[in-house]
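Subject: Structure for your files, with notes

Hello,

Here is the structure you were expecting, followed by notes on what turned up in it. Please keep it open while you read.

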Amino acid sequence: MNRALSGILFALSILVPWTVPYSASAQCLPSSDLVNSGLGTLIRSGDVTQQNGVYTFTYASGVPSSAFTEAFNDWNDYTSVTGVKFVPAAAGQNPDITFTNSPGMCIAANPGTLDIAYDSVFLSRNNSNDQSTIAVAHEIGHLLGLQDKPPNTSPAGIMDQATPAVCATATSNADQITDSDADSATGCFQNEVTKCKNCDSRRYRWIFEDQIFEAEQGWELKKPWEVAKRSNQ
Amino acid sequence: MNISTQRMRLFPLCPLMLVALLCLLFASQVTAQQAADAGSGKPSAADLMFTARHTDGLHKAAILNNGFYVQHDYSRPWMQAQSLEDLASASDLVILGTVQSERSELVRDGTGIETHYAIQVDRILKGAQPQGVVDVVHHGGKVAFDDGTAAVVETPNQPVLLKGHRYALFLMNGEGHFRSVGEAQGTFEVDQNANWVHPHATLSFDPLRKYSKLTPDQFIAQVQTIVNRETR
């Protein structure tokens with residue numbers, strides 16, 4: 001009897017921590033994305049170091065709109081939780097996070113290159129409502145390692161995607177970064193920092209007869225694949 | 001105290017000593033690797049990232065990285081279509097078409113790559129297109145430079161289109177070309193021979209992935225019905 005009870009308790013102790021946050025909190029990006037993440041790269045290379053428990057990353061001072069500054073400030077409200085602070089780059093300094101005008105993107109972030117792409121349609125809706133700030137905060141969430149969530153989840157979170165798929169009118173049901181978002185971001189960011197901390201994610205690749213070959217360090221052939229046969233499966 | 005007693009007292013420390021020895025070995029290996037990297041002049045990932053983001057950056061990063069540079073672009077739009085109705089209403093043009101050719105080019109002062117696909121229109125489901133071929137642009141691709149170096153921007157969240165394959169494409173007008181609505185979401189491979197539909201949407205919870213259960217005929221009929229209802 002005691003053995004059965006302890007078995008159930010043991011099973012619950014494993015399952016509960018995994019199932020409860022899964023339904024309520026934002027998830028992290030896939031581990032392959034985290035290994036190649038820009039924030040982790042900067043930390044591993046020693047370009048950004050921890051000061052008083054906080055990693056400070058710079059963003060390009062020429063922000064496309066005030067929504068960008070507001071979104072970084074919103075995440076800075078959670079610095080004590082995440083251990084991450086965002087500040088504008090000083091004049092002449094290479095920013096860690098950049099902004100690129102990229103037609104057709106509306107707004108999207110690339111965690112690998114630490115770039116937030118936006119287009120003129122997104123800028124035209126700026127400041128018309130707080131949703132522009134929400135959208136940028138969502139993209140910063142990606143830089144921190146957070147994954148998208150479906151639209152209209154309950155409770156609402158910053159990683160909820162917006163609908164409809166029209167840049168000019170899309171809205172998310174999120175209206176702010178939540179404590180839960182910050183907690184999730186902390187976990188994902190720590191994954192970025194610690195994952196593969198002492199390994200080198202760089203690989204060698206070369207093209208031969210329309211195929212890309214990839215090898216880990218030491219030139220041992222790892223896996224060839226045809227670019228043309230790449231799919232999302 | 002005899003020697004055997006001393007050994008007995010030291011015995012509990014053995015695991016600790018073993019761990020300490022392993023730590024030392026690991027640290028020395030990491031240091032040796034870092035020294036070897038520094039000695040070989042291999043650029044750091046951070047150096048490559050900074051280089052790639054400036055004018056002519058992908059080319060410079062390829063030169064810096066022994067002739068070949070791969071950038072991973074995981075970006076995905078903020079918005080998500082929830083249904084074919086969402087996709088259709090956001091589209092200027094919906095077509096069934098076959099990829100004739102592709103060409104990749106540098107954009108944004110050499111910091112990005114886009115691929116232009118020439119799509120032979122087989123059937124127009126929504127909108128009007130005077131010519132038989134449309135130019136559809138995707139982010140990512142590969143570019144070879146004159147000096148023999150090359151750069152690739154990989155887009156795992158937007159699978160490439162394959163030459164000779166047939167797709168249902170939900171498109172919005174760009175500047176002289178078209179782009180997929182919702183990036184990967186607006187692209188469905190339609191294979192009449194294999195009798196399947198393959199949505200390119202990559203997120204596991206993407207509601208558009210459910211259309212993989214339809215046959216091509218069922219899928220096309222459903223899109224046409226939605227478009228007819230919308231334009232009525």
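In which sense do β5(A) and β6(A) pair, and over how many bridges? The pairing of β5(A) with β6(A) is antiparallel and runs over 4 bridges. Two strands are said to pair if DSSP finds at least two bridges between them. Helices (H or I, at least four residues) and strands (E, at least two) are DSSP runs, numbered from the N terminus.

First, the conventions. This is a predicted model, in which local features need pLDDT of at least 70 and side-chain atom pairs count only at pLDDT 80 or more, while totals for chains, interfaces and linings use all residues. Residues are numbered from 1 along each chain as its sequence is written, and chains are lettered from A and ligands numbered from 1 in the order in which they are written.

Confidence

The model has an ipTM of 0.78 and a pTM of 0.78. For chain B the average pLDDT (the predictor's confidence in each residue, from 0 to 100) is 86, and 85% of the residues score at least 70. Among the elements of chain B, the lowest mean pLDDT, 61, belongs to helix α2 (residues 14-40), and the highest, 96, to strand β2 (residues 93-107). Where pLDDT is low, the predicted coordinates should not be read in detail.

Chain A

Chain A contains 8 helices and 9 strands. Of its 233 residues, 39% count as buried. Buried is used for a residue with 20 or more other C-beta atoms within 10 Å of its own, exposed for 12 or fewer, and partly exposed for values in between, with C-beta atoms placed from the backbone. Among contacts in chain A with a separation of 6 or more, 61% are between residues 24 or more positions apart; a contact is a pair of residues whose C-beta atoms, placed from the backbone, lie within 7 Å.

The pair β5(A) and β6(A) belongs to an open sheet of 3 strands in the order β4-β6-β5 (chain A), with mixed pairing. Its edge strands are β4 and β5 of chain A, each pairing on one side only. On average, neighbouring strands of this sheet are turned by 25 degrees against each other, direction ignored. A:Ile107 has A:Tyr118 in β6(A) as its bridge partner.

Helix α7(A) lies across β5 and β6 of chain A and runs at about 15 degrees to β5(A). Axes here are lines fitted to C-alpha atoms, for helices over the stretch in contact, and angles run from 0 to 180 degrees between N-to-C directions. Since 13 of the 13 residues of α7(A) are buried, the helix is largely enclosed by the rest of the structure. After α7(A) comes A:Gly145, with a positive phi near 110 degrees.

A second open sheet has 3 strands in the order β1-β2-β3 (chain A), again with mixed pairing. β1(A) and β2(A) (residues 54-59) pair in the antiparallel sense over 2 bridges, and A:Val54 in β2(A) is the bridge partner of A:Gln51. The loop between β1 and β2 of chain A holds A:Asn52, which has a positive phi of about 50 degrees although it is not a glycine. A:Asn52 counts as exposed because it has 6 C-beta neighbours inside 10 Å.

Chain B

Strand β1 (residues 68-72) of chain B has 5 of its 5 residues buried, so it is largely enclosed by the rest of the structure. B:Phe68, B:Val70 and B:His72 point one way from β1(B), while B:Tyr69 and B:Gln71 point the other way. β1(B) pairs with β6(B) (residues 150-154) in the parallel sense over 5 bridges, with B:Tyr69 opposite B:Ala151.

Interface

The two chains meet through 48 residues of chain A and 39 residues of chain B. On the chain A side, β5(A) gives the most, with 4 residues.

Regards
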